[in-house]
Amino acid sequence: MFRLSQYMDQLHEPTPPRRPKGPPKPVVIWNLTRRCNLKCRHCYTVSADVDFPGELTPGQARATLEDIGRFGVPALILSGGEPLLRQDLFELARRARQLVRVLALSTNGTAVIGERADRVAEIGFDYVGISIDGIGAVNDRFRGVIGAYEQALAGVRSCKRRGIKVGLRFTLTEDNADQLPDLLRLCDDEGVDKFYLSHLVYAGRGNKNRGEDADHARTRRAMDLLIARAEASHRGAAPLEIVTGNNDADAVYFLNWAAARFPPDRVAHMRAHLEAWGGNSSGLGVANIDTQGDVHPDTYWSEYTIGSVKRTPFSELWTGADPMLAELRRRPRPLKGRCGLCRHQAICGGNTRIRALQLTGDPWAEDPACYLDDGEIGVEAQGERLALRPFLGERHDPRPDFR
């Protein structure tokens, strides 16, 4: 996650960068259930409104939660499907509140009303993230249910009335990029605390519909708008924390923006902060437990399993000798193509590896969603390059050779 607002503040009011001492304990994103009342086009878990067999029992979930607490996980995000549809959600959340420093709920917002909203407030979630992919009918089309927008907006308002920190989460695609200005206005109108823009990741239905990924020019325009909004907040406009996710090239784009506007010493300071952050943290600072209890390097690596908490505690799996975790934790990573040649590897960490894997069969190939041109990443023109974007709409694996 790239905390744009935080780094905007650093440009204007610099403080020394802090590098972690030793391997960090991961933020755990836990998909508690695959059941969901919506049918989102880009759902990475391919959820539906049915009961799925094999999900963790209440006893297995409680044992996993206790292990997470003993391991010292700093933050836990309870997700789904729609997590509020799991019957023991509040029992697990109440115990989690005692075990982790930061507790968040990732929801489609349609159920955060009435008594459920009261219980969310009572437990003391630090943050509730509500997914919205556009205004009105646009959101409903993406979410697959008429009325989903109004229900999610009711969830936002319900949280705000109870003093819960709430954020909107928006996945950028070709079909809804024009909604971004309206969504930012919605944040201001509703007093939303945080706005999270997610770049599309090719996983689940997001992989099936990867041809809808926003083109590079549209992505750059979206980043320009977010940077302008973050700067406006810093200068006194309505406060809105802005973060982005799933495309760590955003950090390099922001550094280039700063280089055109700030003196060299301030830009060097920003680079030091971004390198201390280090970009993509799959398998290092981020972990996923899915609905079946399988552990993955992050939520999008569903086809690669480290092990199951049904048989081995999460803490043992995460500190074991898994070969993919070892590779993901390498710095620099064994990157190929433009990512291997990029001079900003220390900032972005090679970006989102799952997109490369889905398109090429090689997790270390270049990320096709990097929207920076060769000059911006310090790469000499390499002659004729393999064009990745024509493959985005295909369901088969083209597996081009990046060696």
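How many salt bridges does the structure hold? It holds 21, a salt bridge being a side-chain nitrogen of Lys or Arg within 4 Å of a carboxyl oxygen of Asp or Glu. A note on the source: this is a predicted model, where local features need pLDDT of at least 70, side-chain atom pairs count only at pLDDT 80 or more, and totals for chains, interfaces and linings use all residues. Residues are numbered from 1 along each chain as its sequence is written, and side-chain values use heavy atoms, with hydrogens and water left out.

One of the salt bridges joins Arg 157 to Glu 190, with 2.8 Å between the closest N and O atoms. Arg 157 is in helix α6 (residues 148-161) and Glu 190 in helix α7 (residues 180-190), so the pair ties together parts 33 residues apart in sequence. Helices here are DSSP runs (H or I, at least four residues), numbered from the N terminus.

Next, a helix pair. The axes of α10 and α11 (residues 264-277) come within 10 Å and cross at roughly 170°; axes are lines fitted to C-alpha atoms over the stretch in contact, with angles from 0 to 180 degrees between N-to-C directions. The two helices are therefore roughly antiparallel, the term for angles over 145 degrees. In α10, Phe 254 and Leu 255 are among the residues that meet α11, contact meaning heavy atoms within 4.5 Å.

Terms used
Parallel < 35°, antiparallel > 145°, perpendicular 65-115°, else oblique.
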